[in-house]
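Here are my notes on the structure you sent over.

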Amino acid sequence: MLVADDEPHIGRIIQTKLELGPFRVTLVYDGGEALRALEQYPDIELVLLDLMMPVKTGLEVLAAMRADARWATLPCVILTAAGQDQRFDEAMRLGAADFMTKPFSPKRLLARVMELTGAAGSTPE
Ligand SMILES: [Mg+2]
């Protein structure tokens with residue numbers, strides 16, 4: 001699991017929640033680091049991308065992924081701050097699996113991530 005968000009506390013909240021579930025999380029802070037992490041860790045099974053990040057936005061990272069055969073179908077969830085919902089259509093056109101507006105419930109995020117990865121076990125309460 002790769003999480004890219006330029007706000008470290010948000011990345012840590014997501015990492016903590018997902019690691020209480022069955023996931024190991026690599027946390028990075030900009031879009032350039034996100035693409036380098038994909039190169040470095042070929043077994044990443046899902047990517048969570050903040051929309052507004054330095055170097056490359058979440059949508060730019062997603063577009064780069066979709067243009068590369070290695071990551072063309074890798075599930076990706078776009079995370080946004082409130083007020084950026086107008087990018088929803090663009091995210092879906094680029095093949096995002098989901099679009100979540102902050103602040104979101106970490107519990108709901110974990111449930112969605114488990115669905116998208118087909119993780120075994122019951123959905124957490
Ligand atoms: Mg951001």
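Predicted model: local features only at pLDDT ≥ 70, side-chain atom pairs only at ≥ 80, totals over all residues.

1. Start with strand 4, residues 76-80. Of its 5 residues, 5 are buried, so the strand is largely enclosed by the rest of the structure. Look at the side chains: C76, I78 and T80 point one way, V77 and L79 point the other way, and all are buried.

2. On to a neighbour, strand 3 (residues 47-50), which runs parallel to strand 4 and is joined to it by 4 bridges. If you want a spot to check by eye, L48 sits opposite V77 of strand 4. To get from strand 3 to strand 4 the chain goes through helix 3 (residues 58-66), and this β-α-β crossover is right-handed.

3. Strand 4 also pairs with strand 5 (residues 98-101), again in the parallel sense and over 4 bridges. Here the pair to look for is L79 opposite M100 of strand 5.

4. Now the helices. The axes of helix 1 (residues 8-20) and helix 5 (residues 106-117) come within 10 Å and cross at roughly 55°. Because of that angle, helix 1 counts as oblique to helix 5. The crossing is right-handed. Which residues make the contact? From helix 1 they are I13, I14, K17 and L18, and from helix 5 they are P106, L109, L110 and V113.

Key: Residues numbered from 1 in each chain as written. Buried ≥ 20, exposed ≤ 12 C-beta atoms within 10 Å, placed from the backbone. Helix = DSSP H or I, 4+ residues; strand = E, 2+ residues; numbered from the N terminus. Pairing = 2+ DSSP bridges. Right-handed = clockwise from strand over helix to strand, strands pointing away. Axes fitted to C-alpha atoms, helices over the stretch in contact; angles between N-to-C directions. Parallel < 35°, antiparallel > 145°, perpendicular 65-115°, else oblique. Left-handed = near helix turned anticlockwise from the far one by under 90°. Contact = placed C-beta atoms within 7 Å.
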